[in-house]
Amino acid sequence: MTDSKYFTTTKKGEIFELKAELNSDKKEKKKEAVKKVIASMTVGKDVSALFPDVVNCMQTDNLELKKLVYLYLMNYAKSQPDMAIMAVNTFVKDCEDPNPLIRALAVRTMGCIRVDKITEYLCEPLRKCLKDEDPYVRKTAAVCVAKLHDINAQLVEDQGFLDTLKDLISDSNPMVVANAVAALSEIAESHPSSNLLDLNPQSINKLLTALNECTEWGQIFILDCLANYTPKDDREAQSICERVTPRLSHANSAVVLSAVKVLMKFMEMLSKDLDYYGTLLKKLAPPLVTLLSAEPELQYVALRNINLIVQKRPEILKHEMKVFFVKYNDPIYVKLEKLDIMIRLASQANIAQVLAELKEYATEVDVDFVRKAVRAIGRCAIKVEQSAERCVSTLLDLIQTKVNYVVQEAIVVIKDIFRKYPNKYESVIATLCENLDSLDEPEARAAMIWIVGEYAERIDNADELLESFLEGFHDESTQVQLQLLTAIVKLFLKKPTETQELVQQVLSLATQDSDNPDLRDRGYIYWRLLSTDPVAAKEVVLAEKPLISEETDLIEPTLLDELICYIGTLASVYHKPPSAFVEGGRGVVHKSLPPRTASSESTESPETAPAGAPSGEQPDVIPTQGDLLGDLLNLDLGPPVGGPPLTTSSVQMGAVDLLGGGLDSLIGGPNFVAPPAATVPPNLGTSMGSGLSDLFDLTSGVGTLSGSYVAPKAVWLPAMKAKGLEISGTFTRQVGSISMDLQLTNKALQVMTDFAIQFNRNSFGLAPAAPLQVHAPLSPNQTVEISLPLNTVGSVMKMEPLNNLQVAVKNNIDVFYFSTLYPLHILFVEDGKMDRQMFLATWKDIPNENEAQFQIRDCSLNAEAVSSRLQSSNIFTVAKRNVEGQDMLYQSLKLTNGIWVLAELRIQPGNPSFTLSLKCRAPEVSQHVYQAYETILKN
Amino acid sequence: MVLFPLYSASIKELLKKIKTGIAHFLSHLDYFGVCSEPVIKDNVVVVYEVLEEMLDNGFPLATESNILKELIKPPTILRTVVNTITGSTNVGDQLPTGQLSVVPWRRTGVKYTNNEAYFDVIEEIDAIIDKSGSTITAEIQGVIDACVKLTGMPDLTLSFMNPRLLDDVSFHPCVRFKRWESERILSFIPPDGNFRLLSYHVSAQNLVAIPVYVKHSISFRDSSSLGRFEITVGPKQTMGKTIEGVMVTSQMPKGVLNMSLAPSQGTHTFDPVTKMLSWDVGKINPQKLPSLKGTMSLQAGASKPDENPTINLQFKIQQLAISGLKVNRLDMYGEKYKPFKGIKYMTKAGKFQVRT
């Protein structure tokens, strides 16, 4: 009556018999035969010869039989691709079966058949199933897309399945959403560059809604997906956290860990002053503790994760020390991990409890654990200074037990304690020396020898002790030999008279009788040192040693941050990033914690900025990045420049150097250019390079040159906002170089000096190419015109609007901030003319959704004039056509960062409105290019 | 099948579910519900079918046994016979109703003649007691297991006398979390049959009552090869309930060759090979405390053992939740009939250890 009988037939001619049975008319017999085939297959027999016969059984209304045949297909389709085609029809038919179970079964099996030929036939059925009315079928189909993508990624993309999958994220059924997320995450993982899971606040909201309703595994998919999202500010992070916290009470520990991961990640963005931050910390502790009540294997997973969390945020579990106390029948792997966490949590507040526990552990049976416990006592002593004395006395108690391995471990850690607190606990040395004979492990012997050497002057019989070690010198391990050599040299330097013989002996043992190069080298060095200059030897050998730091086994911070992103996965158990152990091409994306960009910081920026900062007028361009603020504010800290004038020709450099130590290191930005000393003659500036010489010509000829269009100067910084300094300016582009023409007017009653300028990071990397040169102090009511050459090699950050430039100007009075919009045409480069063919190909290549259309009104120029005027601003006409009386100009231009913009300009004679179509791979520039057209054509 | 490469916690959790899932199915055939090789072999087709529903492409999907049972009918002797005659199968041809509804854990159309809902509040004390009898750490792991056999779609609410005790809880997915957060009431549509409604943890920071104490005097004398051994077990904070099912076990040091002991009640054994001492005490009578006294023969000439044995304690207290948790009332909405209701309390020792 049971299935086990199918496993037992091992007669010869079995295949033949099965074939006959499979082709039998009787349903029952057929089914029995298929079961036998499956049984043979599972134990590894080759039954592929029966392929056609089994596939014949596929057309059945018996669901169980169908499942078994499908199982057979999955196994053998790859080895018999031609035959597998036979099954396609049935799949297609099954996908239209009225029973959703059969539709789902068909679509599930289809995805498991990894045969290229077949996959094409499966696209249509899959497409239908993705839109099936039954959610059970839809959710199965979603997973099938991931399977198919693994077989043939190109096909999936061409068929548009990815978009359908994305649509499923908005499905009404939470299980379908969860499976779609799982499938998309898997696909995205193998294609890190693709922007598949393009999460935005709306889709996040949908996911969070589905999170509450789907099964535990679905919740894991969604939580893991959420963890990859970077909220735009702390408020969003907080609201996501609020909706994720209920998951901490889930019974499934995997859900809990995934939720912890999301929270740990987003907490990074929350300011520690927020009340919510504290609430969250409190909420995280109980679920972590609860994880520890599971079975030992899960406990271990939890402990490894907790170990990471404790290193990142010790405050979460600081009151929960007791749950990490070791039970005597915990498995050893749990014990060791608990011990590690206990030490990480040890602090002055709980050290007494911890020590009592550790002492208890040191009397247990398990040797490995006892050793680790003894070491832990030492680590506590080093970590919590107040406890050191108690730790040492605990260690002494342990030494009194005379248990061999306990004594040895104790001596090793006492050595570390001596290193950390020199000249404090030397009274215990006598006790240590009593146990000299019982030491048989190299590490313990080496530690003991080090102690004897280090404190040789306080140990009366140090020479005897060391001599006793010397007898078996050649049998010792290298570690002990090296330590012995150093210890005897130390002893000699401290008590030269009695130990001359001993040192001779050890030097000759080390240099002549040893094969170990390390030992020989060290021996020779000591020998030479001692023979040439004993005083120097003393200084070298008995030099003061640096203190050892308290925690040496912390995970390196960047790795820790990465591992926090992998909480709940194998990476968190191994404490290694997945790339270190996941083989193969599955792209492993390095994850990192989101940067702390608190909106609260940015909102307070106007208040904290000096009085001269721009306020209400241009709210959209006020710095939003905390770090920017830091940069700009640092200007305050610049040491006042003034000092005696420098007279050498390298004044420019000198000035920079002079400031380099102060300003540059403070500001840390390469963009910052220091002002020259006030009295430098202008012509000395030429030593800076050709860029600068252009600049002086320019100042006189602004506006009259035939270069690209230059807007009239506008007031950027009104005097009332900058304590009397008025700045107006414009941008120019002249033979390949961009400059900012400034006009500084002093409307205050005092002299202004020490000007400097700095740009914030901006969309195109604009930065000053030379310092701001104000050659003389600016006396009241004086105006000076300056042209500041710019380059585009500064650091880049996308601004809103794109052409926003934030500037800080400093003088002897204060630092002032303003922001301005630069016209985009200053960024059009001279080699922006595209080849015709190239133009055509590129035009076609850029997708239509990147095309933007604009109207340029009230322009009376004809095509010729338009073309030449644009050309002077580096917009080049590639081709010109006349279609039905309209002039079509095809134009190209290139931005400094290499972005090409293609344009089609339609001019109807007699109509002052032009139509401009722009195509660009970065569509966000189109609007600004259009504005550039407008300005150039209308002025 | 692309395996989940990275999910450690998931894998553990999943394997557990698969095992219980399969065991659940097999238990219908096999009275012991053991998941052994022959049992799996006997039911290979069902096992395959169950696995197929649980996982697809390495993604775990449905692991709720209620759902699985509807998708694939568990094998029973009767059904096997019927199937053989009629040629039908174990695979349900209907899509389970609960699978995709808002209450995936409950199927529709449940019918019982006797409607009953029983809840067991079970608490386990994990504790470490030091030599002198003071508590080093003690915590309570509690669960509420339910057996609900109710017709239709009942909506239950369960309230507690002292819900503040429950600050660290994990719920069955059926519990409405919002309601708990705002009113501290458990409100849920229960799954059909047996399930774990919630598990909770009363942490070490709250004071945990310790219901028993152990008095011990174990001495290995250095010179002679005989040691003395004596332990007594007594009740401490039991709220007037009897402690039963007491069992004392202890791993003696290697140096102990044999023990000759006399218990005042119960039976004891000592295994000279594993050095495991166990004493089945039974009930504790507060008037006459059970004790175990005697001598240990130690290896002659060997030094005194380094480690002290730890005493492990098992016990049970009926009708008491040691944390003090009490159910206030249980109400049912959504259905008209009156169900039988019952609540049972029990306290057990979890990992209860006394150091000597």
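Student: How do you know that the span of helix 11 of chain A agrees with its 17 residues?

Tutor: Bear in mind that this is a predicted model. Helix 11 covers residues 174-190 of chain A, and at 1.5 Å a residue it should span 24 Å. Its end C-alpha atoms are 25 Å apart, which agrees with that expectation.

Student: What makes helix 11 of chain A mostly covered?

Tutor: A residue counts as buried under 20% relative accessible area. In helix 11 of chain A, 14 of the 17 residues are buried.

Student: And what caps the N-terminal end of helix 11 of chain A?

Tutor: Asn173(A) does, through a side-chain oxygen that lies 2.8 Å from the backbone nitrogen of Met175(A).

Student: Let's turn to single residues. Why is His575(A) called buried?

Tutor: Its relative accessible area is 14%, and buried means under 20%, so His575(A) is buried. This residue lies in the loop between helix 31 (570-574) and helix 32 (599-608) of chain A.

Student: Which residues does His575(A) touch, leaving out those up to four places away in sequence?

Tutor: Its contacts are Arg304(A), Asn307(A), Leu308(A), Ile555(A), Leu559(A) and Leu563(A). With Arg304(A) there is a polar pair too: the backbone oxygen of Arg304(A) lies 3.0 Å from a polar atom of the His575(A) side chain.

Student: How do you know whether Ser258(A) is buried or exposed?

Tutor: Compare its value with the cut-offs: buried is under 20% and exposed is over 50%. Ser258(A) has 4% relative accessibility, so it counts as buried. Ser258(A) is found in helix 15 (residues 253-267) of chain A and touches Ile220(A), Leu223(A) and Asp224(A), not counting residues up to four places away in sequence.

Student: What about Ser873(A): why is it called buried?

Tutor: The relative accessible area of Ser873(A) is 1%, and the limit is 20%, so Ser873(A) is buried. Its place is in the loop between helix 37 (863-872) and strand 10 of chain A. The C-alpha atoms of Ser873(A) and Tyr709(A) are separated by 6.5 Å, although these residues are 164 apart along the chain.

Student: Now the sheet. In what order do its five strands come?

Tutor: The order is 9-13-12-11-10 in chain A, in an open sheet with antiparallel pairing.

Student: What makes strand 9 (851-856) and strand 10 (876-883) of chain A edge strands?

Tutor: Each of them pairs on one side only. On average, neighbouring strands of this sheet are turned by 20 degrees against each other, direction ignored.

Student: How do you know that strand 10 and strand 11 of chain A pair?

Tutor: Pairing needs at least two bridges, and these two strands are joined in the antiparallel sense over seven bridges. Thr877(A), for instance, stands opposite Gln891(A) in strand 11 of chain A. Their hairpin has two residues between the strands, and in it Glu884(A) takes a positive phi near 45 degrees.

Student: How many bridges join strand 12 to strand 13 of chain A?

Tutor: Six bridges join strand 12 (residues 900-907) to strand 13 (residues 914-920) of chain A, and the two run antiparallel. Within that pair, the bridge partner of Glu904(A) is Ser917(A).

Student: Which helix lies across these strands?

Tutor: Helix 36 (residues 836-845) of chain A lies across strand 9, strand 10, strand 11, strand 12 and strand 13 of chain A, and runs at about 95 degrees to strand 12 of chain A.

Technical notes: Residues are numbered from 1 along each chain as its sequence is written. Chains are lettered from A and ligands numbered from 1 in the order in which they are written. This is a predicted model: local features need pLDDT of at least 70, side-chain atom pairs count only at pLDDT 80 or more; totals for chains, interfaces and linings use all residues. Side-chain values use heavy atoms; hydrogens and water are left out. Helices (H or I, at least four residues) and strands (E, at least two) are DSSP runs, numbered from the N terminus. Axes are lines fitted to C-alpha atoms, for helices over the stretch in contact, and angles run from 0 to 180 degrees between N-to-C directions. Contact means heavy atoms within 4.5 Å. The expected span of a helix is 1.5 Å times one less than its number of residues. Buried means under 20% relative accessible area, exposed over 50%, partly exposed in between (1.4 Å probe, protein chains only). A polar contact is a pair of N or O atoms within 3.5 Å; within protein, one must be able to donate a hydrogen and the other to accept it, and residues adjacent in sequence count only if both atoms are side-chain atoms.
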